[in-house]
Amino acid sequence: MATDAPPPEGGTEKSPAQPTTEAFLAEQGSAEFGELRRAHRSFAFPLTVAFVLWYLLYVLLSNYAGGFMGTKVFSNINVAFVFGLAQFVTTFLIAWLYSRHANAKLDPKAEAIKSRMEADV
């Protein structure tokens, strides 16, 4: 619920100064920011495409290869069930890999940019 009341005053914490629009635009054109974007895109885009293709394979096989997907693997567990579970495993694997990538490559670069922009104000 929104309110028109101003934020409370007298806090001991001081929020960091906010850079100007011009500072953001200048940073957007910097080589360091470009490197951060490339590091993100080079990881996120290929994995996104791979996962969408993997998911579409699952959907297409389910629709057009019923005999194959109905093949029993173990007891009442068939290929379709295994593929379905593999979708969940793949989702969690990608999230874990992205978390590692972000912690190692993206977060340090983003923190450096943030610190520099807050210091310049």
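Author: Start with Arg116 and Glu27. These two residues form a salt bridge, and their closest N and O atoms are 2.6 Å apart. The pair links distant parts of the chain. Arg116 sits in helix H4, Glu27 sits in helix H1, and 89 residues separate them. Keep in mind that this is a predicted model.

How exposed is each partner? Arg116 is partly exposed, with a relative accessible area of 29%. Glu27 counts as buried, because its relative accessibility is 10% and the cut-off for buried is under 20%.

Arg116 has another partner. It forms a salt bridge with Glu32, where the closest N and O atoms are 2.4 Å apart. Arg116 lies in helix H4 and Glu32 in helix H2, so this pair ties together parts that are 84 residues apart in sequence. Glu32 has a relative accessibility of 28%, so it counts as partly exposed.

Now look at Glu35 and Lys109. They form a salt bridge too, with their closest N and O atoms 3.1 Å apart. Glu35 belongs to helix H2 and Lys109 to helix H4. The two are 74 residues apart, and the pair links distant parts of the chain. Glu35 counts as partly exposed, at 38% relative accessibility. Lys109 is partly exposed as well, with a relative accessible area of 22%.

Which residues do shared partners join into one network? They are Glu27, Glu32 and Arg116. In the whole structure, a search finds 3 salt bridges.

Next, take the helices themselves. Helix H2 covers residues 31-64, and helix H4 covers residues 79-120. Their axes come within 10 Å and cross at roughly 175°. H2 and H4 are therefore roughly antiparallel to each other. What kinds of residues make up the contact of H2 with H4? There are 20 nonpolar, 6 polar and 4 charged residues.

Now move along the chain to Phe68. Phe68 lies in helix H3, which spans residues 66-69. Leaving aside residues up to four places away in sequence, Phe68 touches Leu61, Val79 and Phe83. Take Val79 from that list. Phe68 and Val79 are 11 residues apart along the chain, and their C-alpha atoms are separated by 7.2 Å. Is Phe68 buried, exposed or partly exposed? Phe68 is partly exposed, because its relative accessible area is 43%.

Ser75 is the next stop. Ser75 lies in the loop between strand S1 (72-74) and strand S2 (77-78). Its backbone deserves a look. Phi of Ser75 is near 55°, a positive value in a residue other than glycine. Ser75 is exposed, because its relative accessible area is 55% and the cut-off for exposed is over 50%.

Finally, consider confidence. The mean pLDDT of the protein is 89, and 89% of its residues reach 70 or more. Where is confidence lowest, and where is it highest? Helix H1 (residues 21-28) has the lowest, at a mean of 87. H2 has the highest, at 95. Glu27 is in helix H1, Glu32 is in helix H2, and Arg116 is in helix H4. Those three residues are the ones in the network.

Definitions and conventions: Residues numbered from 1 in each chain as written. Predicted model: local features only at pLDDT ≥ 70, side-chain atom pairs only at ≥ 80, totals over all residues. Heavy atoms only, no water. Helix = DSSP H or I, 4+ residues; strand = E, 2+ residues; numbered from the N terminus. Buried < 20%, exposed > 50% of the residue type's maximum accessible area, 1.4 Å probe, protein only. Contact = heavy atoms within 4.5 Å. Axes fitted to C-alpha atoms, helices over the stretch in contact; angles between N-to-C directions. Parallel < 35°, antiparallel > 145°, perpendicular 65-115°, else oblique. Nonpolar A, V, L, I, M, F, W, Y, C, P; charged D, E, K, R; others polar. pLDDT = per-residue confidence, 0-100. Salt bridge = Lys/Arg side-chain N within 4 Å of Asp/Glu carboxyl O.
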